[in-house]
Amino acid sequence: MLPGMAELNPGLMRRIAALAGYDWTEEELRALVPVVERSLALLERLESLPLRDVEPGILFPMA
Amino acid sequence: MDDLVWKSLAELARLVASKQVSPVEVVTAHLERIDALDPKLRAFITVMRESALEAARAAEARVLSGEPLPPLHGVPIALKDLYNTKDAPTTAGSKILAGSKPAEDATVVSRLRAAGGIILGKLNMHEFAYGPEGLNAHYGTAWNPWDARSHRIAGGSSSGSGVAVAAGLCPGALGSDTGGSIRIPASLCGISGLKPTYGRVSRAGVLPLAWSLDHVGPMARSAADCALLLQPMAGHDAKDPTTATVPVADYAGALSGEINGVRVGLLRPFFLEAAGLVLRQAIEQAVRDLVKLGARVDEASLSHAEHAHAASFAVIASEALAYHEVWLKRRPGDYQADVRERLKGGAFVSGAQYLRGQRARRLIRDEVDRTLERFDVLIAPTTPIVATSVGQAEVTIEHETVDVRSALTRFTRHFNLSGHPVCSVPCGFTTAGLPIGMQIVGRAFDEATVLRVADAYQRATDWHTRRPPVGAPPAAAPAPPAPAAPAVPAAPATPATPATPTNAG
């Protein structure tokens, strides 16, 4: 977890999901907590990469 | 007739062109084998019996007319069920798209038909290509033909493509690969599969998993047949703006059998060293075989490999959710459970995290490019494990227990992120009779060298000619394999334990 990040719980996840337009039950959200915790831990690994001057590896071809 | 189903694509095309075999005979032989074996194997979602026979009769008439014939004339091919076809439903292995009938063919389907290919049917897959095992709750999970007794995964997401080609139900098929989905089933089913360079083959009319990582490509029993299939598929397509205008090579013409002096980099850290013992031994033997053919081998490494998992997850989770957002809101109950869970997880990946994955991807691509300045190709195992049992969530490699999903994509996703071409070829079997695959990675748009090395290896070895123990007469069938490969003993299934986030399809 990054500094300043709130602890993940079904209530917080409900608010995030609701903002994206999802209406998931308490049971569904509880099941998602460990999944999302692991996802965030995985994504945190990218923080260690030297990406400051790196542009995304995707293109937008105009022709 | 049985003999026809084991002919190569090249041989079938030659037999048809020389009027030794009718396309109707070829298609009928494959349909009969599908009828006999597919109730168990579940490789097909839709068998296009009538349209295939109609196309075969038309192909026969053209042969008899004496007209010039295209290169795949009269040869049956099957498609992973995410390629749009104007004459059959395209379901993506889902309930949501059951019965969906596209108005036109995907570009590559049109090109293969124009090259003389006859579409035999639509193949099973992990639902919406969102999983590396090949599981499907709606149409049944395809059965790996290398274990006739117990239900093992074929690998995914192009599971039906792997099974159909391996079991002689079709001589060639198309798959798609977002994190390994051509190469994983090719490896687990003992066939050859090519993920071309990103931009080499059009994705137009192919249902997406993650647009920026999706690759479409051929699967066949040999690299030579992959080359034959790739030829008409490759090239720019105005319908897919990500396709490149780089000239298309003569792939079959590149298969000289000669690799003397070719510089081979063996990816040991992160890749070879993380594979099970028997798989490591198979790859090391394959490298010795390449040396005997004149290749010069040295060690290679990719320092960003450990970040590929996170980058791949960020990109696929975000892009997949973007595609599925409306269905996930309106019809969540129509997804199979594992796919629904993965899609939901995408809602908690931020835009910044997605772009961090795309920025990491730039580093990964640049490093592979730099490494391939020193080497012509890189070698790695395709997977660290062989086919596991359906429902098995974890597997032990040496002394470490890992989840099956993460293990399957560990060595493959790196090259979806980098976009480089990779061919997986069989390079051995465990004592239980389960196939082992090897990746051959090349420079961007240099599929010709990748296929040349793969073909030279296959001319010198016979792993790709072995047939699985399904459909053989009982007396000729080999001894049934043991329940698990000794090199990678299986841990008890723990399906309730969520795996490390792995979404690659």
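The accessible surface of chain A in this predicted model comes to about 4,300 Å², and 58% of that area belongs to carbon and sulfur atoms. Chain A has 63 residues, of which 32% are buried, and its secondary structure consists of 2 helices and 0 strands.

Chain B can be described in the same terms. Its accessible surface comes to about 16,300 Å², with 53% belonging to carbon and sulfur atoms, and buried residues make up 65% of its 505 residues. The secondary structure of chain B comprises 14 helices and 13 strands.

The overall form of chain B can be approached through its dimensions. Along its principal axes the C-alpha trace spans about 60 × 60 × 50 Å. A compact globule with 505 residues would have a radius of gyration near 23 Å, and because chain B has 21 Å, its value agrees with that expectation.

Among the buried residues of helix 7 are Asp225(B), Cys226(B), Leu228(B), Leu229(B) and Leu230(B), together with Pro232(B) and Met233(B). Just after helix 7 of chain B comes Gly235(B), which takes a positive phi of about 125°.

Over all chains, the structure holds 11 aromatic pairs. One of them is formed by Trp24(A) and Phe348(B), whose rings are 6.3 Å apart from centre to centre, with 45° between the planes, so that the pair counts as tilted. Where do these two residues lie in their chains? Trp24(A) is in the loop between helix 1 (10–19) and helix 2 (26–44) of chain A, while Phe348(B) is in the loop between helix 10 (337–345) and helix 11 (351–374) of chain B, and therefore the pair joins two chains. Both Trp24(A) and Phe348(B) are buried.

Other rings come together within chain B, where ring pairs link Phe128(B), Trp211(B), Tyr323(B), Trp327(B) and Tyr335(B) into a cluster.

Note on methods:
Residues are numbered from 1 along each chain as its sequence is written. Chains are lettered from A and ligands numbered from 1 in the order in which they are written. This is a predicted model: local features need pLDDT of at least 70, side-chain atom pairs count only at pLDDT 80 or more; totals for chains, interfaces and linings use all residues. Side-chain values use heavy atoms; hydrogens and water are left out. Helices (H or I, at least four residues) and strands (E, at least two) are DSSP runs, numbered from the N terminus. The radius of gyration is taken over C-alpha atoms; the globule rule is 2.2 Å times the number of residues to the power 0.38. Buried means under 20% relative accessible area, exposed over 50%, partly exposed in between (1.4 Å probe, protein chains only). Accessible areas come from the Shrake-Rupley method with a 1.4 Å probe; for residues, only the protein chains shown count as cover. Rings of Phe, Tyr and Trp (its six-membered ring) pair if their centres lie within 6.5 Å; planes under 30 degrees apart count as stacked, over 60 as edge-to-face and the rest as tilted.
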